[in-house]
Amino acid sequence: MEPSHGILVLGLNPGLQHILRLRSLDLGQVNRAEAHTLGVGGKGQNAAKAACTLALACEKARRRRVTVAQFLGGYTGEQIRQLQEQEGIEDITVAGAMTREFMTLVDFPQDSTDGINRVDEDGSTPCFATSPTVSELITPSEPVSMAAAEELLSKVVAAAPTFRGILLMGTWPSGTTRDFYMEAAKAKANDAVVLLDAAKPVQDVLDILEAGNVDIYKVNAMEICNLMGYGCKEGEASEEQIREVAAKALLRFSAVKHLAITDGAKASFLFSRDSRQGTRCTRYDLPAVPWRCARTGDFNLHSSCTQSWARKRILSGVCGVNPIGAGDTVAGVLMASLCFGVANDVEDCCVGERMEDGEAKEAMLFGLAAGSAKVKSEGEGGKLDFETMMGLKAAITATRATSQ
């Protein structure tokens, strides 16, 4: 069966997303929010929203399908479905227990004036002078019934060959197993692309990767280090460690063509197999951007700053506010740009580099720009301003080197 240019996103852990803007949260007291945003949460759902943003904004991607497979139940599930329909997201949905809810608290210090105190140079996007503290509360979720799991898997396997790309996003809910992802990936069309964005449970993820049906593994630096048996905490992995772990991962997972590794505000990497030179590595450096330092009140423009407190603020994507869902946004736009033909206008392939590898490099660039643009937003994961994304894309530096 000839696949379309659409993508199928497995979002098996959705949630109804509430985002509250607060002013100096006071535990034990009544706290009234300044603003409330209602949306859809969940790794797969975030990726689908991001992909839709690209599909609506790019001429090449117009009328491309974005479909999410999910379990929904109760009034929360119905709200999610209505919100997705408004976004233009199609769905393969099986009824289940009441869908859980997420509560994101975006808490600004009391002395940060009105929070929004300036706009970007183009006047389009509000900027926050003081970095908020962002916390997420998640209600418990009910296990998926065996009948519901079998029904959704049957629908996914039947639909999978009609899509150009399949995204396996996050962990699977109680009542399902790794077999859900393995069967979905196995059912892909011959020339389709499968992306996995999951790191736990470790042994299950290793088994999925070793099964040989995942083409792109998108993961953060801490997760890939821990997956490969290296103890590592968030933000502590050095470039040398990342390169070493990536080489071992590609050696072990022989079917994975590209390993996309992010590390928050620090450099990101794309490791791609190269028939002539082994593994080719592309390093992506986010732009140095202004952020008012919470300690001094000054704006700092230097990307070379070595203090960790300053580096996080400078490199986190221009006036960073809410990072939740940024990684999912990277995955959604990376795959959408690759599968929708947006990333195929590549003119700077290296000697010996296949065109498809050049497209992967460009798709990673689109994804990182989208993730950075999302961080600027106070809103839900996957929601971003396209013009901001394209401005950031032009400012990201990509450096190519042979890994091994």
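This is a predicted model: local features need pLDDT of at least 70, side-chain atom pairs count only at pLDDT 80 or more; totals for chains, interfaces and linings use all residues.

Q: What span should helix α2 have, and how far apart are its end C-alpha atoms?
A: The expected span of a helix is 1.5 Å times one less than its number of residues. For the 14 residues of α2 (residues 74-87) that gives 20 Å, and the end C-alpha atoms are 20 Å apart, so the two agree.

Q: Which residues of α2 are buried?
A: Buried means under 20% relative accessible area, exposed over 50%, and partly exposed in between (1.4 Å probe, protein chains only). In α2 the buried residues are T76, G77, I80, L83 and Q84. Seen down the helix axis, they fall within an arc of 125°, so they line one face of α2; the arc is that of the directions from the helix axis to the C-beta atoms. On the face turned away from that buried side, α2 carries the exposed residues Y75, E85 and Q86.

Q: What do the buried residues of α2 pack against?
A: Contact means heavy atoms within 4.5 Å. The partners of the buried α2 residues are β2 (15-23), β3 (35-41), α1 (43-57), β4 (66-72) and β6 (101-108).

Q: Where does K188 lie, and is K188 buried or exposed?
A: Look in the loop between α4 (179-186) and β11 (193-197) for K188. Its relative accessible area is 18%, so K188 is buried. Leaving aside neighbours within four places in sequence, K188 is in contact with A160, P161, I166, V194, N213 and D215. From N213, the backbone oxygen lies 3.5 Å from a polar atom of the K188 side chain.

Q: What should I look for in the backbone angles?
A: Most residues other than glycine have a negative phi, and most peptide bonds are trans. S24, in the loop between β2 and β3, has a positive phi near 55° and is a residue other than glycine. At 35% relative accessibility, S24 is partly exposed. A cis peptide bond joins K200 and P201, with omega about -10°; P201 sits in the loop between β11 and α5 (202-210).

Q: Which residues of α5 are buried, and what covers them?
A: V205, L206, D207, I208 and L209 are the buried residues of α5. Their cover includes α4, β11, β12 (216-220), α6 (221-227) and α7 (239-252). Just after α5, G212 takes a positive phi of about 90°.

Q: How many disulfides are there?
A: A disulfide is a covalent bond between the sulfur atoms of two cysteines. Here it is counted as a pair of cysteine sulfur atoms within 2.5 Å, and by this rule the count is zero. For C225, the closest cysteine sulfur is in C232, 4.2 Å away, too far for a bond. C225 is buried, at 2% relative accessibility, and C281 is buried at 0%.

Definitions and conventions
Residues are numbered from 1 along each chain as its sequence is written. Side-chain values use heavy atoms; hydrogens and water are left out. Helices (H or I, at least four residues) and strands (E, at least two) are DSSP runs, numbered from the N terminus. A polar contact is a pair of N or O atoms within 3.5 Å; within protein, one must be able to donate a hydrogen and the other to accept it, and residues adjacent in sequence count only if both atoms are side-chain atoms.
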